[in-house]
Amino acid sequence: MFILESEKMVQKSLEKLKGQRDSRFIRVQSKESIKALVGVIWSPLLAVFGVLSEQSDDAKIFQMCLEGYQLASNLCGRFQMEIEKDTFINSLYNITGFKRK
């Protein structure tokens with residue numbers, strides 16, 4: 001079901017993109033367009049934040065990953081994407097070492 005929903009969102013986004021004149025910018029007309037975009041990019045963002053935060057020793061990169069987690073989970077929450085939001089929060093919980101032993 002998730003794959004079917006994702007494919008529908010991607011198809012809707014592609015149809016909207018075809019109508020744009022300037023290929024450098026996309027004019028967003030509705031919240032549904034943004035939600036569709038978030039639905040496509042949340043998983044790659046999660047992977048990037050997770051890998052960078054675990055493998056980098058640079059404090060600035062870690063800080064940027066934390067900000068990314070915060071912004072992504074807020075965005076998912078704004079669009080009632082509960083599973084995606086909870087996934088970001090669980091990943092953040094796991095990388096920060098707050099697990100009980």
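These notebook entries record what I looked up in the predicted model shown above.

**Ground rules.** I worked with a predicted model, in which local features need pLDDT of at least 70, side-chain atom pairs count only at pLDDT 80 or more, and totals for chains, interfaces and linings use all residues. I numbered residues from 1 along each chain as its sequence is written, and the side-chain values use heavy atoms, with hydrogens and water left out.

**Entry 1: overall layout.** I looked up the secondary structure and found 4 helices and 0 strands in the protein. Helices (H or I, at least four residues) and strands (E, at least two) are DSSP runs, numbered from the N terminus. Read from that terminus, the order of elements is α-α-α-α. I then turned to contacts, meaning heavy atoms within 4.5 Å. Of those between residues at least 6 apart in sequence, 46% join residues at least 24 apart.

**Entry 2: surface and burial.** I noted an accessible surface of about 8200 Å² for the protein, with 58% of this area belonging to carbon and sulfur atoms. Accessible areas come from the Shrake-Rupley method with a 1.4 Å probe, and for residues only the protein chains shown count as cover. Of the 101 residues, 22% are buried. Buried means under 20% relative accessible area, exposed over 50%, and partly exposed in between (1.4 Å probe, protein chains only).

**Entry 3: a nonpolar patch.** Which residues make the nonpolar surface patch of about 440 Å²? I listed Val10, Leu14, Leu37, Val40, Ile41 and Leu45. Helix 1 (2-18) and helix 2 (31-55) each give two or more residues to this patch, and the largest share, 4 residues, comes from helix 2. Like charges are joined within 9 Å, and nonpolar side chains (Val, Leu, Ile, Met, Phe, Trp, Tyr) within 5 Å. I checked Leu45, which lies in helix 2; Leu45 counts as partly exposed because its relative accessibility is 31%.

**Entry 4: cysteines.** How many disulfides does the structure hold? I found 0 disulfides (pairs of cysteine sulfur atoms within 2.5 Å). Cys65 has 3% relative accessibility and therefore counts as buried. Cys76 has a relative accessible area of 1%, so Cys76 is buried.

**Entry 5: Ser91.** Is Ser91 buried or exposed? I found Ser91 in helix 4 (residues 82-96), and Ser91 is buried because its relative accessible area is 16%. Not counting residues up to four places away in sequence, Ser91 touches Leu46 and Tyr69.

Methods. Patches are made of residues with over 30% relative accessible area and no salt bridge: like charges are joined within 9 Å, nonpolar side chains (Val, Leu, Ile, Met, Phe, Trp, Tyr) within 5 Å. A salt bridge is a side-chain nitrogen of Lys or Arg within 4 Å of a carboxyl oxygen of Asp or Glu.
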